[in-house]
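Please walk me through the aromatic rings of this protein. Which of them pair up, and how do they sit?

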Amino acid sequence: MIYIEIAVSLLFAAFFSGLETGLLSADQFELYSKRDKKRLGTLSADFLLLKPERLLGTTLIGTNLSVVTSAILLSSHFRRQGFHNLNWIGTLLLSLIFLVFSEIIPKTFFRKYANTLSIKLAPILVVFYFLFYPVLRILNFTIRIVLIISGRYRSEEHTSELQSH
């Protein structure tokens, strides 16, 4: 049972990291030209890409939740089985498995099908965006405060003025 739960976490991590790469790799001109057809996938991809922090925040939170969940599950399983000293081996193996099966392979796959599969799956990511929205707001607020303190914050009005010149 524990292996099924870890596999589900792996699939979620693959979904989030692969879709991030897929949507960022999608042909922006093709997306723009399809937007007028009011297809759900295209509108969802456009919504996420309009403000990159929507896409990046959602995919990073989803990926991290998946990875942490699987690590907790495996660690708990080892403790229940009496293998207290094997946590580091499990973590190492889990890291390698996640690197290959939730990062390298999905990113390659979604990049290849960026204009088809990534667009079709974008509405699911929008659902996760709204699920994660409270966390995203806090995260974006914190980042904005850090940028203000460091003197690197640019307001949206200032950014649009720079782009118009």
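Phe 16 is buried, at a relative accessible area of 2%. Buried means under 20% relative accessible area, exposed means over 50%, and partly exposed lies in between (1.4 Å probe, protein chains only). Phe 12 is partly exposed, at 36%. This is a predicted model: local features need pLDDT of at least 70, side-chain atom pairs count only at pLDDT 80 or more, and totals for chains, interfaces and linings use all residues. Residues are numbered from 1 along each chain as its sequence is written, and side-chain values use heavy atoms, with hydrogens and water left out.

Now take the pairs. Rings of Phe, Tyr and Trp (its six-membered ring) pair if their centres lie within 6.5 Å; planes under 30 degrees apart count as stacked, over 60 as edge-to-face and the rest as tilted. The count by this rule is 13 aromatic pairs. One of them joins Phe 12 and Phe 16, stacked at 6.4 Å centre to centre with 25° between the planes. Both residues belong to helix H1 (residues 2–25), four residues apart, so about one helical turn separates them. Helices here are DSSP runs (H or I, at least four residues), numbered from the N terminus.

Tyr 129 and Phe 130 make an edge-to-face pair, because their planes stand at 75° with the ring centres 5.0 Å apart. Tyr 129 is buried at 9% relative accessibility. Phe 130 is exposed at 51%.

Rings also group. Phe 12, Phe 15, Phe 16, Phe 128 and Phe 132 form one aromatic cluster.

Arg 54 lies over the face of Phe 47, 4.0 Å from the ring centre. A charge sits over a ring if NZ of Lys or CZ of Arg is within 6 Å of the ring centre and within 35 degrees of the ring normal.

How values were computed. Helix = DSSP H or I, 4+ residues; strand = E, 2+ residues; numbered from the N terminus.
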